[in-house]
Amino acid sequence: MIYLNGKFVPIEQAYVPVLDRGFIFGDGVYEVIPVYSRKPFRLAEHLHRLQHSLNGIRLKNPYTDEQWHTLVEQIIACNEGDDQYLYLHITRGVAKRDHAFPAGISSTVFIMSNPLLTPPQELLLTGVPAITAQDNRWGRCDIKAISLLPNVLLRQLAVDSGAMETILLRDGFLTEGAASNIFIVKNNVLLTPPKSHLMLPGITYDVVLELAQTNAIPHEVRVVSEEELRTAEEVLLTSSTKEVMPIVSLDGKTIGDGKPGAMFKQLNQLYQQYKAATMRGGDAVVSLK
Ligand code: PMP
């Protein structure tokens, strides 16, 4: 069952008019929210980022946070599986084709749920390959826009070469992955680029930095050069559906000793503990000590 403009319907019966500006222009924003044991993970933060994206495209939020909470609860309840991921999608609505904003229309709101399949244990034990590419996206990558053509093309480069992710470089600096944020380890310090218009402010990125802070893991948020990425001891990717994953090769060259490193193991353990605590409604922050 999906939600479309006020109704819960089976996905096969859900239709959007061809003049929807999402279809015509990619004029909309979205969110992806993981659900563990039927509880949405970091919902407030996802709704906050959704508001940021809506502000970025000058579209009024169709619902209050309270209404979003209710819809999220309802969509979780009417779908199978304890672990799901929710996809929320808002477009500027349906209007005669013209680039400028149409007056007096309401936005299209679509929510669906799919089973959440976190990465298999095997991949966490072996690590995964990644490639690099020039970041040729627009200058507002902080907006989670549904117009994802550059990300689609960049991600396909990874698939074409049997890699898990494409890591993006702009003007000689690391930005993020085609669908993830990137951390590296250099001299045992966890490094990641600061939030800016050039990357999506990841919810998982925030969790990892909070865990590093709470557990006194040496870390620094600062620009990371291509050279530092290529000579890193470890490279990690983070996202809501992939959680924390170890990258063990870059453009066919081994990173470190080619195995998931100590930083990955510690952060992944902390992340899994944090998730479990959140689901129990327990400690907001977990320390291994
Ligand atoms: N950057 C990009 C471009 C993404 O698409 C995503 C999400 N798939 C992320 C970063 C990670 O964000 P989050 O941790 O909120 O899933």
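Predicted model: local features only at pLDDT ≥ 70, side-chain atom pairs only at ≥ 80, totals over all residues.
Trainee: On to the ligand. Which pocket does the ligand sit in?
Mentor: Look at what's around the ligand: 17 residues surround it, and Arg49, Glu176, Ile203, Thr204 and Ser240 are the closest. By class, this shell has four nonpolar, nine polar and four charged residues. As for the place itself, the ligand sits in the largest pocket.

Trainee: Which helix supplies at least two residues of the shell around the ligand?
Mentor: Two strands do this as well, S9 (173–177) and S13 (234–239). Along with those strands, at least two shell residues come from helix H6 (203–214).

Trainee: How far from a ligand oxygen is the polar side-chain atom of Thr204?
Mentor: Let's go through a few contacts with ligand oxygen atoms. A polar backbone atom of Ile203 is 2.9 Å from one, and a polar backbone atom of Ser240 is 2.8 Å from one. For Thr204, a side-chain atom takes part, and its distance is 2.6 Å.

Trainee: How much of the ligand's accessible area does the protein cover?
Mentor: Start with the ligand on its own, which has 400 Å² of accessible area. Of that area, the protein covers 89%.

Trainee: What about Arg42: which residue's side chain does its side chain contact?
Mentor: Arg42 is in the loop between strand S4 (39–40) and helix H2 (43–56). With a relative accessible area of 10%, Arg42 is under the 20% cut-off, so we call Arg42 buried. Its side chain makes a polar contact, at 2.7 Å, with the side chain of Glu210.

Trainee: Arg38 isn't a glycine, so what is its phi?
Mentor: Arg38 is in the loop between strand S3 (28–36) and S4, and is partly exposed at 32% relative accessible area. Arg42, also not a glycine, has a positive phi of about 55°. Arg38 has a positive phi too, of about 70°.

Definitions and conventions
Residues numbered from 1 in each chain as written. Heavy atoms only, no water. Near = heavy atom within 4 Å. Polar contact = N/O pair within 3.5 Å; in protein donor to acceptor, adjacent residues only side chain to side chain. Areas by Shrake-Rupley, 256 points an atom, 1.4 Å probe, with all protein chains shown as cover. 1 Å grid on protein atoms, 1.4 Å probe; cavity = no way out; pocket = protein on both sides within 12 Å on 5 of 7 lines; lining within 4 Å. Sits in = over half its atoms within 2 Å of the grid points. Helix = DSSP H or I, 4+ residues; strand = E, 2+ residues; numbered from the N terminus. Nonpolar A, V, L, I, M, F, W, Y, C, P; charged D, E, K, R; others polar. Buried < 20%, exposed > 50% of the residue type's maximum accessible area, 1.4 Å probe, protein only.
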